[in-house]
Amino acid sequence: KDRTLGSGDTLLDVVHPLDLGSSFLVFGDAGVSLPTGSISKKNPSSPIGGNYAYNMQLGSGTYDLELGAMGLYLHKYFQAGAHLSTYQRLGPENRNGYKLGNLYKTEGWIDVPAGFGITPRVVGYYKVKQAIKGVDPTLGRNVYTEYYHHDQQNWDVSAALKFERRLVGSATLVAEAGAPIAQGAKNSDQVVVSTNYYGTLGVSGTF
């Protein structure tokens, strides 16, 4: 039942079209993630007032480089896309003595617009997180934290429903909810952190 609340790191990203065909589009993106999320959320169950484990912290504590490429296929009745991305952890270890491993992610989706801003969709991803470097001294390295010192792989395929509504100008409200059809993981101790459902709410726009 543990939880951490707050804002995460801030991504400043630039997206640039590489090829704009009539039905197939290719974009490249690059950005920098700023360490605005906390890495010192405390675990009240810790006898020494230690931090929560790495995955429960809101940020990385480092400046990270993001690179990606996206392909989008537009059909009369559906849209399909894929996005390849990586986060490269830059610079030295953060103030708590560690640096998260590099992240590599492949995402894919198929959208079937149904009108009135409603879009049923199937989304999936495959993600590889490399082992962290260093160690948070309030956690140490033991049987409970060894998971983070090895590469982690996980994947998910979900059915979802998305709703979009234009607000003002180019600003658009986007809401989505979904539940996994299949998911799994591979790591040092075979721990699987499963997702029962997810929801997102955001505002997007162009300029």
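Ile-110 is partly exposed, with a relative accessible area of 44%. Buried means under 20% relative accessible area, exposed means over 50%, and partly exposed lies in between, with a 1.4 Å probe and protein chains only. This is a predicted model, in which local features need pLDDT of at least 70, side-chain atom pairs count only at pLDDT 80 or more, and totals for chains, interfaces and linings use all residues. Residues are numbered from 1 along each chain as its sequence is written, and side-chain values use heavy atoms, with hydrogens and water left out.

### Exercise: the surface around Ile-110

**Solution.** Start with the strand. Strands are DSSP runs of E with at least two residues, numbered from the N terminus.

Next, apply the patch rule.

Work out the strand order of the open sheet, and identify its edge strands.

**Solution.** Pairing comes before order. Two strands pair if DSSP finds at least two bridges between them. The open sheet has nine strands in the order 1-2-3-4-6-7-9-10-11, and the pairing is antiparallel.

Now look at the ends. Strand 1 (10-20) and strand 11 (198-204) are the edge strands, each pairing on one side only. Neighbouring strands of this sheet are turned by 20° against each other on average, direction ignored. The axes behind that angle are lines fitted to C-alpha atoms, and angles run from 0 to 180 degrees between N-to-C directions.

Then check individual pairs.

- Strand 6 and strand 7 (residues 118-129) run antiparallel and are joined by nine bridges. Leu-103 faces Lys-129 in strand 7.
- Strand 7 and strand 9 are antiparallel, with twelve bridges. Ile-118 stands opposite Phe-163 in strand 9.
- Strand 10 (residues 172-186) pairs with strand 11 over seven bridges, again antiparallel. Thr-172 is opposite Ser-204 in strand 11.

### Exercise: positive phi in the loops

**Solution.** Begin with the glycine. Six residues lie between the strands of this hairpin, and Gly-115 has a positive phi near 90°.

Move on to Phe-116. Phe-116 belongs to the loop between strand 6 and strand 7. Its phi is near 60°, a positive value in a residue other than glycine. Most residues other than glycine have a negative phi. Phe-116 is exposed, at 80% relative accessible area.

Compare another loop. Gln-190 lies between strand 10 and strand 11, and its phi is also positive, near 60°.

### Exercise: salt bridges

**Solution.** A salt bridge is a side-chain nitrogen of Lys or Arg within 4 Å of a carboxyl oxygen of Asp or Glu. The count is seven salt bridges.

Take Lys-162 with Asp-111. Asp-111 lies in strand 6 and Lys-162 in strand 9 (residues 152-166), so the pair ties together parts that are 51 residues apart in sequence. Both residues are buried.

Take Lys-162 with Glu-164. Lys-162 has 14% relative accessible area, while Glu-164 is partly exposed at 35%. Salt bridges with shared partners join Asp-111, Arg-121, Lys-162, Glu-164 and Glu-176 into one network.

Finish with Asp-64 and Arg-89. Asp-64 is in strand 3 (residues 64-74) and Arg-89 in strand 4 (residues 79-89), 25 residues apart. Asp-64 is buried at 1%, and Arg-89 is buried at 15%.

### Exercise: the setting of Thr-119

Is Thr-119 buried or exposed, and which residues does Thr-119 touch?

**Solution.** Locate the residue: Thr-119 is in strand 7. Its relative accessible area is 8%, so Thr-119 is buried.

List the contacts, meaning heavy atoms within 4.5 Å. Thr-119 touches Asp-111, Val-112, Pro-113, Ala-114, Ala-160, Leu-161 and Lys-162, leaving out residues up to four places away in sequence.

Methods:
Helix = DSSP H or I, 4+ residues; strand = E, 2+ residues; numbered from the N terminus.
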